[in-house]
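Dear colleague,

I am passing on the structure below, and I would be glad if you could look through it with the notes that come after it.

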Amino acid sequence: MALPWLALPVFLPLFSAILLIALRPLGITLARAISGTSVSILLICVVYFTASGLGDTAQVYPMGNWPAPFGIVWVYDRLSGLMLLLTALLAMVSFLYTIATDEDKKGAHFHALFQAQLFGLNGAFLTGDVFNLFVFFEVLLIASYGLMLHGGGAARSRAGLHYIVINLMGSTIFLFAVGALYGVLGTLNLADLALKISQAPASTYGLIAAASFLLFVVFAIKAAAFPLYLWLPGTYSETAAPVAALFAIMTKVGLYALLRVHGTLFNEHTAPFDLINLIDPWMRLLGLVTLIMATFGVMAAINLRRQVAYLVLASVGTLMIALGINTTDALTGGLYYWIHTTLMTAGFFLLAGQIVRTRGDQIGQTRPPMPHALLAGSLFMMYAIGLAGLPPLTGFFGKTMILFAALASPLWVPIYATVLLSSVLMVVALARSGNALFYRVDHAPLPTELAPSPMPLGNSKLSWVAVALPLSLVFLMVIASKPLTQWLTLTSAQIQDTPRYIQRVLHPSRTEPVPNFAPHPAHVPEAS
Amino acid sequence: MAILFALLIGVLTAIGVYLSLRAQTFPVVMGLTLLSYAVNLFLFGTGRLASNAAAVIEPHATYTDPLPQALVLTAIVIAFAMTAFVIVLALKTRAELGSDHVDGAADQPAPPTAAHKNTSC
């Protein structure tokens, strides 16, 4: 297969977005058709990429045929492929729910923003260049600002303002970090940066470490790690349900960037001894605190969507612990949990959207029985079991793998205590919510001023299909646990194999000679 | 020149951080703008400061690194778009929440008078 096909997951949503803006006057039906076609092609394409084993060795596509350190390269490996697949799956689920509930009719340009969001996400997962990563972060952020505010309302605007301001701060810090790396090392390509760091003189270690921690702050903002998570509960709980479902991948973008950038640059195979895995202790510690705060949030939440938002935060905490342990086993368990939590939180946001539309947002209020209470209740129970980490669903397997891997960590006692206790407390909190939502019903009609505002129910069947879809994928994950785990073990081995990554990017099997540009004199390390 | 340049970036960043920690949206937007100015200068400085040097590569000639200038250009465009967006959003929240406090009218139990609004930032 020709490598330029790698450009399809990035450019297809971009062209769809442009087309959607141009053809908007022709009505919502056409917009849905274009958006749906684009998402379907995207899904088929990334499923084919994954199934054909394209990422088994990292595939490098130089944009415009400029070779690696000078041009921007796109690198497709197993991790990128996994993230593309998750994005496309969430996009499909979110798209189905959107057209089923007419969420896209509440404002202009929903589908264009949706496609722009996919453009930014796919680009961020494929790029092999730090500055290009920044640009794609900005693309996905500005699309997410639009999506987050879609539909309007005062509470949404207020949460949106917080979200946007903290992300603008993050972008500024990102630029400072990228500038510092470029100033010291004279390159922006990830593989070339890893190579230059291995040859850097000791006098520059301080600056490189500072840049590494600045990048950690940026990615921690995106991933919503303690103490930078305060934007998340408001943003995720105030936005529309399908948007929140798509945003389930957004915190994973931060974690992906941590894995990709720090995993490649400060790897034990290439980086100088003083710079190896600098941020890992911080990841473990902040992961623990994030998990604790998230558990408190889950227990204290008085409305359902906020509770689900705190469940997202809990998954971020658990994943940060796994990434912080940073052994192949921990990464394997972490990636398994990663797939599980992305699908489950997305589905849970949609389910919460369904419940909120018919019942209202407050958990504790007594309400008349909602339509489809049996279906909603069954799905709620399965989502709650999965996200709290009870067997037989994937949350249990993921947490078990992470906990087994945690035995290798000096922090294993607090990790075991926190992960297990938080699971128990989440079970209690979710059981209480389920109890209040489905059993505390009042059969007497409500006075009209208290009744939930009538919302168009749209295509009810399709919306339930969208809610159940992530859950069925998670059941598949349970059945296919063994092959999936083997695949993920190879993936985490590939993530940690920086020398191979450098070789693939900088010396691909190409016939054209690499042009012999000399670096700018300012960036040639002094001979000292 | 290098010290002056570094001081300038430092002062801009300090003012930007201070302003973006304020509670009203207008100073926050100003702070974010100043921070983006600071980071643009910083990016420019990563190519090292040189006067009277061309940005075009010629063998053996003195030239200044052209890449940071391209980076700054990208960063300026993005920061410009983001600033425009955040200003519009700040105006929208100001209209919807009836206050320019970043958390809405949380600290104002009574609807603010016109005079109070004018002095609040």
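Predicted model: local features only at pLDDT ≥ 70, side-chain atom pairs only at ≥ 80, totals over all residues.

Residues are numbered from 1 along each chain as its sequence is written, and chains are lettered from A and ligands numbered from 1 in the order in which they are written.

Between the chains, 30 residues of chain B are in contact with 22 residues of chain A (contact meaning C-beta atoms, placed from the backbone, within 7 Å). On the chain B side, α2 (25–45) and α3 (67–97) are the elements that give two or more residues, and α3(B) gives the most, with 15 residues. By class, that side of chain B has 18 nonpolar, seven polar and five charged residues (Asp, Glu, Lys and Arg count as charged; Ala, Val, Leu, Ile, Met, Phe, Trp, Tyr, Cys and Pro as nonpolar; the others, Gly among them, as polar).

Within chain A, helices α14 (residues 328–359) and α19 (residues 481–496) pack at an angle of about 125°, with their axes 8 Å apart. The residues making this contact include A:Leu331 and A:Tyr336 of α14(A) and A:Leu488 and A:Ile495 of α19(A), and the contact has seven nonpolar, seven polar and no charged residues.

Also in chain A, strand β1 (residues 59–62) pairs with β2(A) in the antiparallel sense over four bridges (strands pair if DSSP finds at least two bridges between them), and A:Gln59 stands opposite A:Tyr76 in β2(A).

Best regards

Methods:
Contact = placed C-beta atoms within 7 Å. Axes fitted to C-alpha atoms, helices over the stretch in contact; angles between N-to-C directions.
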